[in-house]
Amino acid sequence: MTAQIAIMNKSAIALATDSAVTLGAAKAGGAAKVYQTVEKLFSLPKDHSVGIMISGNAEFMGVPWETIIKVYRGNLGQQSFARLEDYATHFIRFLEDQNPLFTEAQEEAHVRRAAQTIFVEHIRTEVDGLMESASESGIKLNKRMISDIVDRAILPNYQRWKAAPPLQGVPPDHGQSVAERHAAIFDEAIEDIFEDLPLSRVSRERLQKITSYMFSKESFHPDLTSGVVVAGFGEIEPFPSLLEFQVEATVNKRLKYAQNARLQISFETDGCIRPFAQDEMVALFMNGVDPDYQKELEIRHKELLANYRRRLLATVKPLRGHGTRTLGKQWERIGNELLNQLNERLEEYRATCYAPVMHAVAALPKHDLAVMAEATVSLTSFKRRFSLDMETVGGPIDVAVISKGDGFVWVKRKQYASQELNPHLCGGL
């Protein structure tokens, strides 16, 4: 995980990110290691007012993002584009169009990893859990019962993949062509993961169908996916904008990606704050309440009203039977109305007390945009450091400001080597 933020107004956009990356999977029984010196924020060549920020998976197709973006900088050269979305499209095409950085062997390795990750975490783990529960209940499982358990675990996953929206930008037969091209890899994964389990014909067909959905449906696994933010100015754009993507892999010369957000400063929208990844401290700062606490509060309010209604009904003895049920429904309706009114009042209070922050953002000079961005990421890092959770946010905070006049300017940036000994590093990443 990571903590990143973009804060922008009409004059500039400030980007800030921590430097932590987690390798290994503690939940799988191995040791997780956190490194806190990873590069996540990059500039394009100096003639471009554009930056790229990376979160999630630190690699794409087995290649570090730092390497990919440095190669892309050379590929971009002196080309410039009228709008930021044209820069984003050009970068997407770079990841997709027969890039020499990504070989056929790397594609096969990713397909294998994707199949194993999805089949194990979404299906095999559930099958093992259902079998363990049955055994603990004293049930002696036979082959037929195990086959039924496997069917029950596969069906909802198959339905979820089938119902997922189609991936934009790929032909209708893309999923099937991937499944056919890499059929040997998918079959091997199915045999390895379900080798000791009886698979019915229907379940096997559903697993094979899932393989055709993996790269044609808009469904992303966090361990396989990177977040990519492209931010700044196109050549003809007076105000900054930002595009956020999920990016997984290029398979059969098609990139699996989806656009999550597009934010644009305009005459109507003169300030914007956008957190990425671990965003609870930003929500607390902007709304005055931690989002997890807010959810818990709403749940407890509903439980309180339901319990209060039941206790009141228990005291209304003359209205037993139909009369009590009618009264209970009326009280439930009234309780929901009152709860909605309470939430609306609280929302109005938050808007009154905390909305001025956005008005302040609209007027901040470039330096203060950078200070605010760094402070917000620092708050998240501080919370993680002194909590019992793994410190997945931390390390040096990199901060940059992008403006129309000055381009991409580093405000704060870590260096792994001395600039005095390596003057060529002064030009930035």
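In the predicted model, R274 is partly exposed, with a relative accessible area of 26%. Its salt-bridge partner is E244, the N to O distance between the two side chains being 2.7 Å. The pair links distant parts of the chain, since E244 lies in strand β10 (residues 241–251) and R274 in strand β12 (residues 271–277), 30 residues apart. E244 is buried, at a relative accessible area of 14%. Salt bridges that share partners also join E39, D398 and K414 into one network.

A salt bridge between R124 and D196 has its closest N and O atoms 2.9 Å apart. D196 is exposed, with a relative accessible area of 51%.

Within helix α7, R201 and E205 are 4 residues apart and so are separated by about one helical turn. These residues form a salt bridge in which the closest N and O atoms are 3.0 Å apart. R201 counts as exposed at 60% relative accessibility, while E205, at 41%, counts as partly exposed. In total, the count comes to 19 salt bridges.

Notes. Residues numbered from 1 in each chain as written. Predicted model: local features only at pLDDT ≥ 70, side-chain atom pairs only at ≥ 80, totals over all residues. Heavy atoms only, no water. Salt bridge = Lys/Arg side-chain N within 4 Å of Asp/Glu carboxyl O. Buried < 20%, exposed > 50% of the residue type's maximum accessible area, 1.4 Å probe, protein only. Helix = DSSP H or I, 4+ residues; strand = E, 2+ residues; numbered from the N terminus.
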